[in-house]
Each structure stands twice: as structure tokens, then as C-alpha cells.
Amino acid sequence: MVLHIDIKKRFPGFCLDVNFETGTDTVGLLGASGSGKSMTLRCIAGIETPDSGMIELNGRVLFDSARGINLPSRKRRVGFLFQNYALFPNMTVEENIRFGLGTLSTSRQRKKVAEMISIMRMEGLEKRYPSQLSGGQQQRVALARALVIEPEALLLDEPLSALDQHLRDNMLKKMIDTLSDYRGVALYVTHNMEEAYRVCKDLVVLSSGKPEAKGYKEAVFMNPPTIETARITGCKNLSSVKVISSNAIEALDWGVKLKLSAGCKRDITHVGIHTHYIELAENAEDENVVKCWASFTSETPFGMMVYLSVGSKPISSGEYQLQWEISREIWEKVKEVRQPWHVRLSSDRLILI
């Protein structure tokens, strides 16, 4: 199972220019709103037509501008789960699921719908209309409708965004289980980095219509190739750098010199570190330990975000260079330590861009 996409589509002030290839592992399209994620899915599904390029699924050409090929959506064997689910309000659950099975016999349609009702655990809901369903139930109906046609590719456009946090957590497990059993190509669009990491094995990070990064999710998160990728994958601490030597840099925005665990290339322009990788140092003389003060703090659901002023005591609460995320338990200990604090930016946790 392989999907190959290499297309361009222009809009006023925006150009979608994407190219990547997927296998059977779920691929996440991660990016900010307006980065081109949903438009990419719509082009694959045949809802939108690219200006140029090619889309090929398992050796079948779905679109090729050079050869004049543009298969209609109904012939692409692609299942699409829309962000708002797009259920037909005047159709029941079973009628919505059956919608894409028009070419099959009535008995075959009934059998396949019954199978999806069972798989999605929706027994007893068959005769209900979308307005009579919860958000999670609507999502399961939409997913069943996408899967019942046995698609070669499954496209999921922000499938959890319409759910509240509690329901989102419950449905995320169901989504992971469903995709683990699915044997086709799956593309999962989201702007939620945690969701992308939990659901997908590989990632394509989009920014302004173009791929910024592609590859295994851990590699993309831990070694982002660009500043935008680092931001999208959640790195809040970034600084421009001056390369001092093959194993030392100066983080200009933080005002500190840092040792590196491995040699660096001369073309490095930025350094970063995730908020949860900063740690309180026991010895101020250790490598990559910096002196800092708490400028202000902000509570998170399970911890504390501490905004640190590096090198000098802050004059105002808006003056900080680093963000440090710690648990409530650690915060209770840290806040009793006399400032300035000494924190470590471990060399093996630094992101070099």
C-alpha cells in the first residue's frame, strides 16, 4: 500500500506545493491552521483539483495533469472523515453508513452496514438521526461510513477537534485501535502535536503550503530541521547562535555559552531545548549550568510553567529568556530554594538547527 503525491495548487497569496510518499503506517500531517493540511486531503480525495502534478495510489493514477487524468471521487476508493463529520441530517445512522454502497446489492449493503455497526459498537442506534447522537457517536458513524467502502486510503481531517477534552481522550484510544487494524494508507490531519505523536508513526510537517519536515515522528520531534518545525512540534525555547568551535556555541538570545556533546556544523543557526528537559542543577560549576531568576509563573493542569530570566534579576514580569515546565511536586521543592537558581541545559537535550 503506497500513496505518492506531488502536486501544486495556487490561491491568491498562497501556494500548496506538497510532495511525499506513504506506506501502511499512519502518517500525520501536522501544521498550524492555514498550512495546507486539509487542502492536501481534499486534493487526494478528488474534492479539489490541483493545478499540476500527480497523485498515485497503489499503482493507480488518481490524478496526472500531464496526461489529463483526474478520476472522480467515487472511483478513487478513498474514505474521508471530515472535521465536522458531514453526516446527512435527514438520514439515519444506517442510511448514512450505507450511502457509499450504491453499486452493491441490497442484501450485501445490509450485511456490510451491520458489520460496521458491530465494529463501532453502535447497536441500538441504527434508526437514530445525527441530531439524536452525541459528538462521539457522530464521529463513529462518520468513521464507519468512511471504512464501509473498504477504501485503499483513509483520510482523517481533524477527527477529534469537535469533541470536548474528556470525549477526545476516550475517542483517541478508539481511533488508535481502528487505525492499527486498518491495512490501507492512512493520513491523519491535526494541529495537535500530542495527538499526532500518539496516533501516527511518521509525520509530514507543513508550513505555508510546503513540507518543512518528513520522517519518523521521534526524529522530527527531537531533531527538527527548521525553526518552524521546532515551533510546531512544541519547542518553546529557541535562540539564535554563534558557533564558537566544533563543540561550543553561544546562545545569543539567552546570553549563555553552551558545550555540545557532539561536534556541530558551522551552518547551525539556532539552538533549542524543550521546556521539560531543563533541570535544577546541584552544582553551579557543572557544564551548561546557567544562573537565573523566576520572572513569573503560570499554572498548568498538572504542573507549573516557570519563566526564567537568565543572567540577571528581571526588572519586570515580562522579562524572561527560558520557559521551564515542572511538576507540582518539584515546584514545591524548587520554590523553597533561594534565588538565583542554577539550572542545567544538558548537552544531550539541546536541539541544533
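Which element gives the largest share of the lining of the second largest pocket, and how many residues does that share hold?

Author: The model is a predicted one. In it, strand 7 gives the largest share of that lining, with 3 residues. Strand 7 spans residues 78-81, and the elements that give two or more residues to the lining are this strand and helix 4. The second largest pocket has a volume of about 720 Å³. Its lining is made of 22 residues, and those nearest the centre are Ser73, Arg74, Val78, Gly100 and Ile149. Sorted by class, the 22 lining residues comprise 12 nonpolar, 5 polar and 5 charged.

Helix 4 covers residues 135-147 and packs with helix 5, residues 165-181, at an angle of about 20°, the two axes being 10 Å apart. Helix 4 is therefore roughly parallel to helix 5, as angles under 35 degrees are counted that way. The crossing of the two helices is right-handed. On the helix 4 side, the contact is made by Gly135, Gly136, Gln139, Arg140, Leu143 and Leu147; on the helix 5 side, by Leu167, Met171, Met175 and Thr178. These contact residues comprise 5 nonpolar, 4 polar and 1 charged.

Helix 6 gives the largest share here, 5 residues. The largest pocket holds about 920 Å³ of space. It is lined by 34 residues, with Asn192, Met193, Glu194, Lys236 and Glu325 closest to the centre. By class, this lining has 14 nonpolar, 12 polar and 8 charged residues.

Most residues other than glycine have a negative phi, and most peptide bonds are trans. Asn58 is not a glycine, yet its phi is positive, about 50°. Asn58 sits in the loop between strand 4 (52-57) and strand 5 (60-64). The peptide bond that joins Gln339 and Pro340 is cis, with omega about 10°. Pro340 is placed in the loop between helix 9 (328-334) and strand 20 (341-344).

Terms used: Residues numbered from 1 in each chain as written. Predicted model: local features only at pLDDT ≥ 70, side-chain atom pairs only at ≥ 80, totals over all residues. Heavy atoms only, no water. Axes fitted to C-alpha atoms, helices over the stretch in contact; angles between N-to-C directions. Helix = DSSP H or I, 4+ residues; strand = E, 2+ residues; numbered from the N terminus. Parallel < 35°, antiparallel > 145°, perpendicular 65-115°, else oblique. Left-handed = near helix turned anticlockwise from the far one by under 90°. Contact = heavy atoms within 4.5 Å. Nonpolar A, V, L, I, M, F, W, Y, C, P; charged D, E, K, R; others polar. 1 Å grid on protein atoms, 1.4 Å probe; cavity = no way out; pocket = protein on both sides within 12 Å on 5 of 7 lines; lining within 4 Å. Points joined across faces, edges and corners; volume = space filled by probe spheres on them.
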